[in-house]
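Me: I'd like to learn how to read a model like this one. Could you take me through a few features, giving the general idea before the case at hand?

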Amino acid sequence: MRARRTLRRKLLGWLALYLALLTLVVFSAANYVHERAEHAVWRALLNSELDSILHNARSGPDYRWQDSDTLRFFSARDARGLPAELAPGLHDDVWLEGRNSAVMVRDTDDFGRVMLALDIGDFAELENFITRWAVLAGIAMAVVTLLMAWVGSNRLVRPLSSLAAAIARLQPERSGQRLQVDARGSVELEVIAGSVNDYLERNERFVAREQAFIGAASHELRTPMAVISGAAELALEQPGLPPRARQQLQRVRTTALGVEQLIQLLLMLARDPARLATLSEPVALEQLLPEIAADHAHLAAGKELAVETAALAACTILAPVGVVQAAVGNLLRNAMENSDRGVIRMTLAPRAVVTIEDPGHGMNPEEVAAAYAKVARGERNMGAGIGLELIGRLCEHLGWKLDIHSGPERGTRVTLDMGSSLP
């Protein structure tokens with residue numbers, strides 16, 4: 001993503017552009033007015049002098065004009081003639097006899113074409129001097145203006161930066177946090193701070209409702225599930241229990257344990273990941289995985305299916321043991337429910353990577369993509385237990401990685417990387 005410019009840079013950029021356009025307009029207008037005024041002055045001066053010269057020449061036949069340092073008179077009837085072929089009228093910045101001159105050319109009946117030249121070299125130097133200083137003054141004015149704008153924008157943006165820093169310091173777990181606008185802040189910042197404070201207040205009420213619901217759900221759901229699970233275990237210990245009744249009680253007990261795991265997972269997802277560290281404990285995966293496989297052995301009843309846990313490297317992680325049991329157990333459950341015969345292999349790498357390979361029907365690439373999409377959207381299939389969707393959200397919550405590799409009629413390989421929980 002392209003980096004956005006700061007408000008200060010935008011303000012200075014627009015001001016610099018405005019100054020450039022304003023300077024261009026002012027200098028263009030000043031140059032136009034100066035040229036027009038200069039031509040008017042040269043025309044009035046040269047016409048006046050030329051009229052005087054011609055009048056004196058007509059009044060006295062012996063009159064002879066003497067050139068001065070700045071004025072030179074040329075006539076077509078003089079011996080030296082005209083130094084240049086110029087049309088009648090005023091000509092500015094003409095290089096005449098080595099001098100920068102303003103020349104007035106006029107056609108007369110008695111003297112023919114005459115020309116009066118005014119040396120404007122000194123005026124040109126003065127004009128260049130004034131122009132240079134005007135440019136320097138314009139640059140200095142622009143620099144001073146931009147400097148003052150930079151200082152002013154700093155004072156303008158500082159309350160906004162302070163407000164942004166205050167928003168960044170907000171902590172989700174703390175209540176009663178409110179934003180205060182700097183005394184130099186504008187009314188707009190007060191509006192923004194008021195909107196954020198209103199959101200914080202509504203969010204606190206929402207979090208309080210969620211915490212109350214989670215607490216009530218934890219108590220109200222766990223207690224009956226524990227009663228159901230305990231009653232099922234006591235019933236299973238009764239001698240002479242018919243096989244069909246034992247099968248149903250075993251199903252009740254398994255379902256109750258699954259619901260307890262679901263409650264535990266939901267409670268974990270409701271917690272801040274940073275606070276889960278207080279619930280973590282050392283978990284020896286090489287010892288826990290065989291226990292999980294034994295707890296799910298009843299799912300292979302009536303199938304030519306076995307679970308192999310031979311390749312288990314020694315590995316200990318820091319995590320809530322119930323979460324690990326629920327995550328691995330449900331991945332194993334999915335593998336067993338989607339396999340009819342063969343061997344499900346569960347392996348453990350030293351970096352806390354659990355791999356479960358089943359000989360089931362497998363999934364095509366579209367089904368694998370759909371499974372990942374469900375994980376990303378948080379969708380759940382109520383008929384498939386906790387499912388990959390909730391496990392995927394749990395892995396994202398704890399920083400674990402879940403990968404699915406499958407193909408039609410080739411089974412499925414699920415990899416759960418819990419390396420982020422290594423001590």
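This is a predicted model: local features need pLDDT of at least 70, side-chain atom pairs count only at pLDDT 80 or more; totals for chains, interfaces and linings use all residues.

Me: Which strand holds Asp93, and is Asp93 buried or exposed?

Reply: Asp93 belongs to strand 2. Its relative accessible area of 52% makes Asp93 exposed. Phi of Asp93 is also positive, near 55°, in a residue other than glycine.

Me: Okay, let's zoom out. How many helices and strands does the chain have?

Reply: You'll find 8 helices and 11 strands in the chain. Of its 423 residues, 32% are buried. Among contacts with a separation of 6 or more, 65% are between residues 24 or more positions apart. The chain exposes about 26000 Å², and 58% of that comes from carbon and sulfur atoms.

Me: How do I read a pair of aromatic rings, and how many aromatic pairs are there?

Reply: You describe such a pair by the distance of the centres and the angle of the planes. The count here is 2 aromatic pairs. One of them joins Trp42 and Phe123, edge-to-face, at 5.2 Å centre to centre with 70° between the planes. This pair links distant parts of the chain, since Trp42 is in helix 1 (residues 7-59) and Phe123 is in helix 2 (residues 121-168), 81 residues apart.

Me: What should helix 1 span, going by its 53 residues?

Reply: At 1.5 Å a residue, helix 1 should span 78 Å, and its end C-alpha atoms are 77 Å apart, so the two values agree. The buried residues of helix 1 include Leu12, Leu19, Glu38 and Trp42. Part of their cover comes from strand 1 (71-75), strand 2 (89-96) and helix 2, among others.

Me: And how do I see which side of a helix is buried? Which residues of helix 5 are buried?

Reply: Start with the geometry: an α-helix has 3.6 residues a turn, so residues three or four places apart point the same way. In helix 5 (residues 285-295), the buried ones are Leu285, Leu288, Leu289, Ile292 and Ala293. They cover an arc of only 140° around the axis, so they lie on the same side of helix 5. On the face turned away from that buried side are the exposed residues Gln287 and Ala294. The buried residues of helix 5 pack against several elements, including helix 6 (321-337) and strand 8 (341-349).

Me: How many disulfides does a search of the whole structure find?

Reply: It finds 0 disulfides.

Me: Last one: what is Arg184 in contact with, leaving aside its neighbours within four places in sequence?

Reply: Its contacts are Arg158 and Pro159, once those neighbours are left aside. Arg184 lies in the loop between helix 2 and helix 3 (187-236). Arg184 is partly exposed, at 47% relative accessible area.

Key
Residues are numbered from 1 along each chain as its sequence is written. Side-chain values use heavy atoms; hydrogens and water are left out. Rings of Phe, Tyr and Trp (its six-membered ring) pair if their centres lie within 6.5 Å; planes under 30 degrees apart count as stacked, over 60 as edge-to-face and the rest as tilted. Helices (H or I, at least four residues) and strands (E, at least two) are DSSP runs, numbered from the N terminus. The expected span of a helix is 1.5 Å times one less than its number of residues. Buried means under 20% relative accessible area, exposed over 50%, partly exposed in between (1.4 Å probe, protein chains only). Contact means heavy atoms within 4.5 Å. A disulfide is a pair of cysteine sulfur atoms within 2.5 Å. Accessible areas come from the Shrake-Rupley method with a 1.4 Å probe; for residues, only the protein chains shown count as cover. The arc is that of the directions from the helix axis to the C-beta atoms.
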